[in-house]
Amino acid sequence: MIAQLVTCFIATAAFAILFNAPKRSLIQCGLVGMISWMAYILLLEYDVDSILATLAATFLVGVISQTFAKYYKMPVIIFSVSGIIPLVPGGLAYNAMRRFVQNDYNEAVHFAVQAFMLSGSIALGLILSEVLNQTIRKKNPLP
Amino acid sequence: MEIKLEQPTYEVIGVCLLAGKIMLRSGAETYRVEDTMARIASSFGFTNSNSYVTPTGIIFQLDKAGSAQLIQIVTRTTDLRKVVAVNSISRQLSTGEISVQEAYTLLHQVDIEAHAFSIWLQIIAASIASGCFTIMFQGKWLDFIPGMICGGLGYCALIYFHHLVRVKFFAELMASFLIGIVSFLLTSAGIGQSLDKIIIGSVMPLVPGLLITNAVRDLMAGHLVSGLSRGAEAFLTAFAIGTGIAVVFIIF
């Protein structure tokens, strides 16, 4: 578990370098990724469905990103992009493609649909947190 | 008199289009691009601007009566620093801190700015990320080093082939092919344990995860054309990676 969190932190920060994030935001990017991955694997351990776990973790990413964005005065996209990296179903997409080219279409479609559902839930989680943020901001307008 | 009225209009259009172009090329979502352009236009008093943004081009009209201008987008990457820079320039414009000309010069500087981290640092980052992803996908620590080697080599190959032929599909295909070969050789030499984990970890820097998510977000925001074309781009990349790996499995 600790190893997972540490590797996730490093991986997310490294990805932030690939995405050319500003240098002073690398640590925060790693932190967002780590928190989202922690939420995800904790939910999976309590037998939550992976789609629901991804949705919850992404929602968390959105909320944290908005807080960080306000605090560090940087656009939300920096933190949200880095935060969803560990959740992105790259492994599933790979498995799907591999089954396709091995003529195992049943398994391939299974993996592909799962990857699509997961990326849909990532997008939904981000949108939900944005909607929440906007509702809160409308209720208490900032000076 | 008329020329004086015309001149600033064209400058404003130029600033809007350049800002939109940089943002779209740096991987911003469609609604963010439209929003930024509309914000810049309205800071000069043009509140009726119209834009049509797709991943391959922007059509922008400042006023109902004026002519529309078009700009083509050829390459798309992810470059958060440029998104941040354009964002702050547009904010400075709307508060009136800088003029149109200054904004144009600043945007032009942002446009030609190179990646802030050197290529070697990027390759090292990619290899570290690959090693870490191998662990995150329940790989053993034994697979950490092979994952790092394959990921670094794969990213290196991606940059090299993209520089060589300028076809993204081909570069991704060759990079994943190389990853497949090297990880196969490493596991058969007994250095790595599980082939699948190493491959998944080391293709992660190539995987279009961000593209897929952005595609779905665009679709949900009502940008149907952008969403579908981004989805097509993501599918093409995934297909290239899958094919590259599959060729290795067919050979061995």
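This is a predicted model: local features need pLDDT of at least 70, side-chain atom pairs count only at pLDDT 80 or more; totals for chains, interfaces and linings use all residues.
Me: Hi! Let's begin with chain B. What is its secondary structure made of?
Reply: Hello! Chain B comes to ten helices and three strands. Along the sequence the pattern reads α-α-β-β-β-α-α-α-α-α-α-α-α.

Me: And what box do the C-alpha atoms of chain B fill?
Reply: Roughly 80 × 30 × 30 Å, taken along the principal axes.

Me: In what order do the three strands sit, and is the pairing parallel or antiparallel?
Reply: The order is β1-β2-β3 in an open sheet of chain B, and the pairing is antiparallel. From one strand to the next, the twist averages 10°.

Me: Which strands stand at the edges?
Reply: Those are β1 (50-54) and β3 (68-72) of chain B. Each has a single partner strand, so one side of each is left without a neighbour in the sheet.

Me: How many bridges join β2 and β3 of chain B?
Reply: Five bridges, in the antiparallel sense, with β2 covering residues 57-61 of chain B. To find your way around there, look for F60(B), which stands opposite Q69(B) in β3(B).

Me: Which strands does helix α2 of chain B lie across?
Reply: Helix α2 (residues 30-43) of chain B lies across β1 and β2 of chain B, and runs at about 150° to β1(B).

Me: Changing topic: how many residues does each chain put into the contact between A and B?
Reply: Chain A gives 38 residues and chain B gives 42. On the chain A side, α1 (2-18), α4 (76-84), α5 (90-101) and α6 (105-139) each supply at least two residues.

Me: Which helix of chain A gives the most?
Reply: That's α1(A), with ten residues. The chain A side that touches chain B divides into 29 nonpolar, eight polar and one charged.

Me: How does α1(A) sit against α5 of chain B?
Reply: The axes of α1(A) and α5(B) (residues 119-136) come within 8 Å and cross at roughly 150°. The two helices, α1(A) and α5(B), are therefore roughly antiparallel to each other, and their crossing is left-handed. Among the residues in contact are T7(A), A11(A) and F15(A) of α1(A), along with Q122(B), A129(B) and F133(B) of α5(B). The contact of α1(A) with α5(B) divides into 17 nonpolar, three polar and no charged.

Me: One more: what does UniProt list for chain A?
Reply: An unreviewed UniProt entry places "domain: Threonine/Serine exporter ThrE" at residues 4-131 of chain A. In the model that span is 83% helix and 0% strand, with its end C-alpha atoms 31 Å apart. UniProt also lists "transmembrane region" (unreviewed entry) at residues 26-44, 51-69, 75-96 and 108-128 of chain A.

Me: And how much of residues 51-69 of chain A is helix?
Reply: 100%, with the end C-alpha atoms 26 Å apart. Residues 108-128 of chain A are 100% helix too, and their end C-alpha atoms are 30 Å apart.

Definitions and conventions
Residues are numbered from 1 along each chain as its sequence is written. Chains are lettered from A and ligands numbered from 1 in the order in which they are written. UniProt positions are given in the numbering used here, feature names are shortened, and annotations may be inferred rather than shown by experiment. Helices (H or I, at least four residues) and strands (E, at least two) are DSSP runs, numbered from the N terminus. Two residues are in contact if their C-beta atoms, placed from the backbone, lie within 7 Å. Ala, Val, Leu, Ile, Met, Phe, Trp, Tyr, Cys and Pro count as nonpolar, Asp, Glu, Lys and Arg as charged, and the others, Gly among them, as polar. Two strands pair if DSSP finds at least two bridges between them. Axes are lines fitted to C-alpha atoms, for helices over the stretch in contact, and angles run from 0 to 180 degrees between N-to-C directions. Angles under 35 degrees count as roughly parallel, over 145 as roughly antiparallel, 65 to 115 as roughly perpendicular and the rest as oblique. A crossing is left-handed if the near helix is turned anticlockwise from the far one by less than a right angle, and right-handed if clockwise.
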